[in-house]
Amino acid sequence: MERSESITHVFVRAIEESHVAIVVLSKNYASSSWCLNELLHIMRCKDSAGLEVLPIFYDVDLSDIRKQMGDFGRAFEATCVGKSEEKKRGWSQALTDVAGLAGEHSRNWDEEADMVEKIALFVLKVLNLTPSRDFDDYVGMGAHMENLISLLCLESDEVRFVGIWGPAGIGKTTIARALFQRLSPEFNLSFFLENVRGIFKRAGRYSSQLRLQQLLLSEISDFKDMKVHHLGTVPERLRDQNVLLVVDDVDALEQLEALAGNTGWFGPGSRIIATTQNRKLLRAHGINHVYEVPLPSAFRKHGY
């Protein structure tokens, strides 16, 4: 804020320019006319501009907010003293409306840090929903996406492995990258591990597998110096997570064994995608859902 700038004007502008509003409702929330005025404007922006609103019900009963009862209601009544009936009705309706939204309840979490992490992931999803146009000029990309999304069966909660198979230079990595950009906002964790072939050949089998797991987990957790001491680390960290993982340019079974040993390594709804020139390798790892990338001439022939 600039000096002498109106606080009210700045808050209103900030709300109107935001993509997400997080409303933390505690027992004392309604004791502040500032909070109630902000909430009223947030709910108006939700209806008029599609603002995403996530309420956090912090150690407070939902019914007390909805009906303005209990300690929450007494604080609300005290704040309403001397206010117009129109103002009181507006505040009351905003509280009732926000209490009807899906949100997070602090009493449902043993650890606040876990709740905060879920909130942060929600915000990241909203901010990443702008569709990428990086691959609009790629011949047949729309057909590739349609075929792969059908193969991925995203509506299912099962953990599914999918292969993208084709000769070198046909565009497997580009297709996988476009798919990743399109789907990653829908997952709690997502990572594109590129050129696994090159990474794996730098050391022996066991040390290479440890290196792959370390690379994957350090990128997901944004902790670059993370050390992996055994090959059970990935399933330990990811078995409760909804994950989108792309393993690009696989040329050895050991690579898949290190990064995606089986479906039990990942949480419900996870999708693991591997690109390769070797279809036998996919079959050896039990990957039966395989997309064969057609030659560009096939798309021209069918009018894509």
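**Notebook: strand pairing and salt bridges**

I looked up strand S2 (residues 52-57) and found that S2 and S3 pair in the parallel sense over 2 bridges; two strands count as paired if DSSP finds at least two bridges between them. Strands (E, at least two residues) and helices (H or I, at least four) are DSSP runs, numbered from the N terminus.

I note that this is a predicted model, in which local features need pLDDT of at least 70, side-chain atom pairs count only at pLDDT 80 or more, and totals for chains, interfaces and linings use all residues. Residues are numbered from 1 along each chain as its sequence is written, and side-chain values use heavy atoms, without hydrogens and water.

I traced the open sheet of 3 strands: the order is S1-S2-S3, with parallel pairing. Its edge strands, S1 (20-25) and S3 (104-105), each pair on one side only. The bridge partner of Phe 57 in S3 is His 105.

I then turned to salt bridges (a side-chain nitrogen of Lys or Arg within 4 Å of a carboxyl oxygen of Asp or Glu). The structure holds 9 of them. One joins Lys 118 and Glu 104 at 3.2 Å, N to O. This pair links distant parts of the chain, with Lys 118 in helix H6 and Glu 104 in strand S3, 14 residues apart. I checked burial (buried under 20% relative accessible area, exposed over 50%, partly exposed in between; 1.4 Å probe, protein chains only). Glu 104 is buried at 12%, whereas Lys 118 is partly exposed at 44%.

I also recorded the salt bridge of Arg 160 with Glu 158 at 2.7 Å, N to O. Arg 160 is buried at 13%, and Glu 158 is partly exposed at 33%.
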